[in-house]
Amino acid sequence: MNALFESRRRIEAYCQLLVDAGLARWQTGEGGVIELHMDSGETYVFGDMGMTRLR
């Protein structure tokens, strides 16, 4: 397992904890990209090389 894969796996696991706690939800955006929408208003997009905050 390379470091990038392991880092991504951990980030996604932490984000899933937010979803499980009812603080966020997963959504599939345009082009099939995975998005995390936080109840506080932030939106994050998961790409091949990392994640980006949209708002």
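Guide: Keep in mind that this is a predicted model.

Visitor: Which residue in β3 stands opposite Ile34?

Guide: That's Phe46.

Visitor: And how many strands form the open sheet, and in what order?

Guide: There are 4, and the order is β1-β2-β3-β4, with antiparallel pairing. For the edges, look for strands that pair on one side only: here they are β1 (24-28) and β4 (51-53). From one strand to the next, the twist averages 25 degrees.

Visitor: Where does helix α1 lie?

Guide: Helix α1, residues 3-20, lies across β1, β2, β3 and β4. Relative to β1, the helix runs at about 120 degrees.

Visitor: Let's zoom in on a single residue. Which strand is Tyr44 found in?

Guide: Tyr44 is in strand β3.

Visitor: Why does Tyr44 count as partly exposed?

Guide: Buried means under 20% relative accessible area and exposed means over 50%. Tyr44 has 21% relative accessibility, so Tyr44 counts as partly exposed.

Visitor: What does Tyr44 touch, leaving out residues up to four places away in sequence?

Guide: On that count, Tyr44 touches Ile34, Glu35, Leu36 and Met38, along with Met51, Thr52 and Arg53.

Definitions and conventions:
Residues are numbered from 1 along each chain as its sequence is written. This is a predicted model: local features need pLDDT of at least 70, side-chain atom pairs count only at pLDDT 80 or more; totals for chains, interfaces and linings use all residues. Side-chain values use heavy atoms; hydrogens and water are left out. Two strands pair if DSSP finds at least two bridges between them. Helices (H or I, at least four residues) and strands (E, at least two) are DSSP runs, numbered from the N terminus. Axes are lines fitted to C-alpha atoms, for helices over the stretch in contact, and angles run from 0 to 180 degrees between N-to-C directions. Contact means heavy atoms within 4.5 Å. Buried means under 20% relative accessible area, exposed over 50%, partly exposed in between (1.4 Å probe, protein chains only).
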